[in-house]
Amino acid sequence: MTSAKRIDQTLFVVLFSAVVGVLSGCSSGVEGLGNREGSLAGESGRQCVKPRDEIRRDHMELIKHQRDETVRKGIRASDHKLASCIECHVRHDDDEGQPVPVNAPGQFCASCHQYAAVGLACFQCHATVPTDDVPHAPATASHGLQGDVIAQEKGTEQ
Amino acid sequence: MRKITFREWSIDNGRYWALLAILAAIAGIGGLSALYMEHEGHWVTGMTNLVVWGTPHVFAVFLIVAASGALNVASIGSVFGKTMYKPLARLSGLLAIALLIGGLLVLVLDLGRPDRLIVAMTTYNFKSIFAWNIYLYVGFMVIVAAYLWTMMERRVNKHSRTVGLFAFVWRLALTTGTGSIFGFLVSRQAYDSAVLAPMFIIMSFAYGLAFYLLVLMFAYNQEGRPMGDVIVNRLKNLLGVFVAAVLFFTIVYHLTKLYGTKYHGVESFFLIHGGIYTMAFWVGQIILGALIPLGILYHPALGKSRSWIASACALVILGGLAGMYFIIIGGQAYPLDLFPGMTVIDEGFGEVAANIAPYSPSLPELLLGLGGVAVAMLMTTVGIRVLKFLPESLADKVVDPHSA
Amino acid sequence: MNKRSDQIQIEQVDSSRRSFIGAAVGTSAAVLAPGVVIHALADGQPRAEAVTAKVRWGMMVDANKCAGDCTACVDACDTENGIDLMHKPEGQSDEKFVQQKPSWMRKVKLKDNLTGRQSSLPMLCQHCEYPPCVDVCPTGASFRRADGIVLVDRHDCIGCRYCMMACPYHARSFLHDTVTVKPTRAPRGKGCVESCNFCVHRLDNGETTTACQDACAKDGHKAIVFGDLNDPQSPVSQALKDQPNRQIRADLQLNTGVRYSGV
């Protein structure tokens, strides 16, 4: 191998490692995946509607299915509503207690989505903070059982 | 059987690249305009909730209509067996695909959500003519590509008649679909008419041939390839027939609407009081787009001059654009017939829009439309340069051995 | 200008936006909270099963009772659906903004050609049984729900505006500008088409009135009556039986859910 070629190879290896090193340093958000400390779930000890691994894998499918149920069929009694997710996972600014948009950099959604490079198209239309204007079924988020909601609808005690 | 040689377009490199650069620049500016409109939102355009389709749609529909018409020349050769048109067929197919892509680009880039094109291509409501059009447009490109292949690949030459027939029927369906976009709408006084579908078909014949003739004459003239008067005369006479046919359909459309009292409002708007729309109709569509070209094409002296013929083609194209502007935008500007027998003082969109909805083309819209034309011309230029689309010679002896 | 940084710019919290959101949330909470509590306690349970055709929502508008200069219904609709949160972009003329902003409900002023008599009425989506907008939508985003409400599923809308061409009533609006503040009950975004949905967020949560009806009643005019057309005892069915009424553009035979009397 000629010395010029060897220099080229070494240079390539050095540069490549440097780039990889810098990039992995940048993804320090990996530890903050799901931003545990950034959500009420962490604060209040409330459970998500599904176990963590399932929700991480399936939340997009749940939301997508729910949007058709709500828009096409009018079903609003559900745990899988985007608004419910936002209510739990939005952070409140410590100074003034105001809610911080849930898709802002460093917030709950972005902490995974930035790393995964998946755009958050929902929030082009949907509110990024809870706005107190929607009456919805209370306290279903902590149970996550569809049956609970239907029972309320039918007026029976559970 | 006489063999026709096809050769790549070989003007010198400097001029070729200069042409590409100009077309690419126009196309690039069109792309930037689309980006601007999509990023800011359509408030930067002249389109409103009353005039929802504007200049981009004028260009897009025009290009799509011209695209299906550009295929005519090939169809006359393959389907109707006119030998003289056979050498012209390859360019016809290329131009058809290029114009269609240019038109579709403009249409898609003007969507409120062009990022949802995948949704448009996977979720369908088949009662909508738009949904059918997606299949008709994409199918057209595939079929014409196959048609070109049968023409350019010797081993499958024998299928060119069949594929040509299929392409001919398909392009009729496509143009019917395009005209029906407006023809099926019951809401507007200017639309809701069965004549719009055949009118669009006839318009496609005229505009497509005008484009074709211009491109053909330009390509041959620039390179100095021989192009005899026999072929030019045939094509220009055909163009004259098509332009006259468009005039006929336009007259029928307006005469019918003039007859019914309930359409008197919209007709007096179109023909007399419509300002820019009246101008677009009389000056654009009728005088510049039909009467003057007919005069030129059938004039004993002017009809023999190549530059006059080229001017006539350009006028037909301008007239076509004016006609599209008139139909698409004029049709929206005229108010809906909500309360017959009553005058609307305020329709709820402000006093300015109480009667005729205001619209003026904005720069981004115009640039997007022109960008689409540039993309079509860019594709054509590269096509004829790189592949054998153009016959070596269209001299009289070659085209028609029996000519004097 | 870097498009990506622009995008982040819009979403990034800055103090003026923060305080605006705080003020908006605070004000709307203060205004809506009592109503929300009352509504939630009334019929209000969110629907858990799919809508059926058992109910057909409809409306009667009495133009005789509609006061010329009153815009209570329009204002209430704008507030209910977050339209009042959309502002004119900088550099836009007022006239253009009126033609471009979402307009679910609008007031129309008329004059009879023969008598000169002036009248006014609110114009909104007619919720036709055979909606032209539904026929022409290429993706099926514009659809008619089982209970008669015609609305746009904005997840599927590509913003082609063909439904706006097709609508015989100019009922639909296109979002011409980026939406920065959205209420949870009425999501909307740039590039899609929308129209009156009979306050579907209220109906699906168990209520039975629309914002426009409530506002008109509150103002004392009572020109708008909303309810179930399939129920002969409902106020709207009674109102339709009491007075001669008609569809606007009845010749199109769309069997609209909104009927007018006095025009």
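These are my notebook entries on a predicted model, chain by chain.

**Entry 1: chain A overall**

I began with the make-up of chain A. I found 6 helices and 2 strands in chain A. Read from the N terminus, the order is α-α-α-α-β-β-α-α. So much for the elements; next I looked up burial. Chain A has 158 residues, and 30% of them are buried. I also looked up the surface. The accessible surface of chain A is about 9800 Å². Carbon and sulfur atoms hold 57% of that surface. Then I turned to contacts along the sequence. I took the contacts in chain A between residues at least 6 apart, and 52% of these join residues at least 24 apart.

**Entry 2: H80 in chain A**

Where does H80(A) sit? I placed H80(A) in the loop between α3 (52-73) and α4 (82-89) of chain A. Which residues does H80(A) touch, leaving aside neighbours within four places in sequence? I listed V49(A), L62(A), I63(A) and Q66(A). I also checked H80(A) against K64(A). The two are 16 residues apart along the chain, and their C-alpha atoms are separated by 9.4 Å.

**Entry 3: helix pairs in chain B**

I looked up two helix pairs here. The pair I took up to begin with was α6 (residues 129-152) and α7 (residues 160-183) of chain B. Their axes come within 9 Å and cross at roughly 155°. Angles over 145 degrees count as roughly antiparallel, so α6(B) and α7(B) get that label. I noted the crossing of α6(B) and α7(B) as left-handed. What classes of residue make up this contact of α6(B) with α7(B)? I wrote down 17 nonpolar, 8 polar and 1 charged.

Then I went on to α11 (residues 276-298) and α12 (residues 306-333) of chain B. These helices pack at an angle of about 155°, and their axes are 8 Å apart. By that angle, α11(B) and α12(B) are therefore roughly antiparallel. The crossing of α11(B) and α12(B) is left-handed. For the contact of α11(B) with α12(B), I wrote down 19 nonpolar residues, 6 polar and no charged.

I looked up backbone angles next. Most residues other than glycine have a negative phi. R161(C) lies in the loop between β5 (150-152) and α6 (162-166) of chain C. Is R161(C) buried or exposed? Its relative accessible area is 2%, so R161(C) is buried.

F198(C) is not a glycine, yet its phi is positive, at about 55°. I found F198(C) in the loop between β7 (193-194) and α7 (200-203) of chain C. F198(C) has 1% relative accessibility, so it counts as buried.

**Entry 4: G91 in chain C**

My last stop was a glycine. G91(C) is in the loop between α3 (72-80) and α4 (94-100) of chain C. Is G91(C) buried or exposed? Its relative accessibility is 78%, and the cut-off for exposed is over 50%, so G91(C) counts as exposed. I also checked G91(C) against P102(C). They are 11 residues apart along the chain, and 18 Å separates their C-alpha atoms.

Definitions and conventions:
Residues are numbered from 1 along each chain as its sequence is written. Chains are lettered from A and ligands numbered from 1 in the order in which they are written. This is a predicted model: local features need pLDDT of at least 70, side-chain atom pairs count only at pLDDT 80 or more; totals for chains, interfaces and linings use all residues. Side-chain values use heavy atoms; hydrogens and water are left out. Helices (H or I, at least four residues) and strands (E, at least two) are DSSP runs, numbered from the N terminus. Buried means under 20% relative accessible area, exposed over 50%, partly exposed in between (1.4 Å probe, protein chains only). Contact means heavy atoms within 4.5 Å. Accessible areas come from the Shrake-Rupley method with a 1.4 Å probe; for residues, only the protein chains shown count as cover. Axes are lines fitted to C-alpha atoms, for helices over the stretch in contact, and angles run from 0 to 180 degrees between N-to-C directions. Angles under 35 degrees count as roughly parallel, over 145 as roughly antiparallel, 65 to 115 as roughly perpendicular and the rest as oblique. A crossing is left-handed if the near helix is turned anticlockwise from the far one by less than a right angle, and right-handed if clockwise. Ala, Val, Leu, Ile, Met, Phe, Trp, Tyr, Cys and Pro count as nonpolar, Asp, Glu, Lys and Arg as charged, and the others, Gly among them, as polar.
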